[in-house]
Amino acid sequence: MKLLLLLLTGLKFGKLFTTGGTMLLSVVTYAWVFGWWYAVGFVGLLFVHEMGHYVAARQRGLAVGAPTFIPFLGAWITMKDMPADVETEAHVAIAGPFLGALAAFAVYFWALQTDSRLLLAISYSGFFLNLFNLLPVSPLDGGRITAIISPRIWLLGAPLMVALLFYRPSPALFIVALLAAPQVWRAWTYDPYAEENRAYYAVPDKVRVEFGLIYLGLTAVLAIMTYQVHEMLSLGRPF
């Protein structure tokens, strides 16, 4: 209750209330379903992911809002300044899954050291969360990263999103799919020779290759760890 009162007084301090208040709301909501400690760990990993975006955006001189959390939908930062080019957009986008993956690894190794299935489950949520965000379709991070190669890659990500929606239907996935639909149409009608597209997507081939390799490497690592930790949990023991 003291923490809640402290956060409510944060109404005078917009960023504190936005982040702290919505984090607390998410923790309480997830705790009803998964228990307190899992909720704290999961929301903590979400926070690290979003802070990756926040720090990267500030590095590029972009004005961004504090992270906001919505239970069962995730979290996001508000971009008050939009990226001027696709390289900046990709840089900000990849920072979230990258830092989020490091945090998931930290929890994973902590789980191995302490023989804790709870920590192992939390690390699994981190690996899966960041892997899901790397699906190559906007508005997910993967779509914003792969746009540096071509927005048409979103046409490959769309079937994966639909398949996942049918495999594991959920309201959150449905909302993400609705948000992705206009972006898929944008990819379908993308004209690389349009003046505005030439200006925004003009980057050296070297930069495209670098981001492409980082994206594939990060996706592969997260896919392997998601599978491995899932199997460890399925065995009923962490080792």
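**View 1. Serine 138, a buried loop residue.** With a relative accessibility of 4%, serine 138 counts as buried, because buried means under 20%. This is a predicted model. Serine 138 sits in the loop that joins H5 to helix H6 (141–146). Apart from its neighbours within four places in sequence, serine 138 is in contact with Gly143, Arg144, Trp154, Ala180 and Gln183. One of these partners, Ala180, is also a buried residue of H8.

**View 2. Helix H8 and its kink.** H8 covers residues 171–188, 18 residues in total. From its first C-alpha to its last, the helix reaches 26 Å, close to the 26 Å expected at 1.5 Å a residue. At alanine 180 there is a kink of about 30 degrees, shortly before proline 182.

**View 3. The buried residues of H8.** Leu173, Val176, Ala180 and Ala187 are the buried residues of this helix. Their cover includes helix H5 (117–133) and helix H7 (154–167).

**View 4. A nonpolar patch on the surface.** The patch is formed by Ile70, Leu73, Trp76, Phe174, Ile175, Leu178 and Leu179. Together these residues have about 650 Å² of accessible area. H8 gives the most to the patch, with four residues.

**View 5. Tryptophan 76 in the patch.** Tryptophan 76 belongs to strand E2 (residues 74–76) and is one of the residues of the nonpolar patch. Its relative accessibility is 38%, so tryptophan 76 counts as partly exposed.

Note on methods
Residues are numbered from 1 along each chain as its sequence is written. This is a predicted model: local features need pLDDT of at least 70, side-chain atom pairs count only at pLDDT 80 or more; totals for chains, interfaces and linings use all residues. Side-chain values use heavy atoms; hydrogens and water are left out. Helices (H or I, at least four residues) and strands (E, at least two) are DSSP runs, numbered from the N terminus. The expected span of a helix is 1.5 Å times one less than its number of residues. The bend at a residue is the angle between axes fitted to the seven residues ending there and the seven starting there. Buried means under 20% relative accessible area, exposed over 50%, partly exposed in between (1.4 Å probe, protein chains only). Contact means heavy atoms within 4.5 Å. Patches are made of residues with over 30% relative accessible area and no salt bridge: like charges are joined within 9 Å, nonpolar side chains (Val, Leu, Ile, Met, Phe, Trp, Tyr) within 5 Å. Accessible areas come from the Shrake-Rupley method with a 1.4 Å probe; for residues, only the protein chains shown count as cover. A salt bridge is a side-chain nitrogen of Lys or Arg within 4 Å of a carboxyl oxygen of Asp or Glu.
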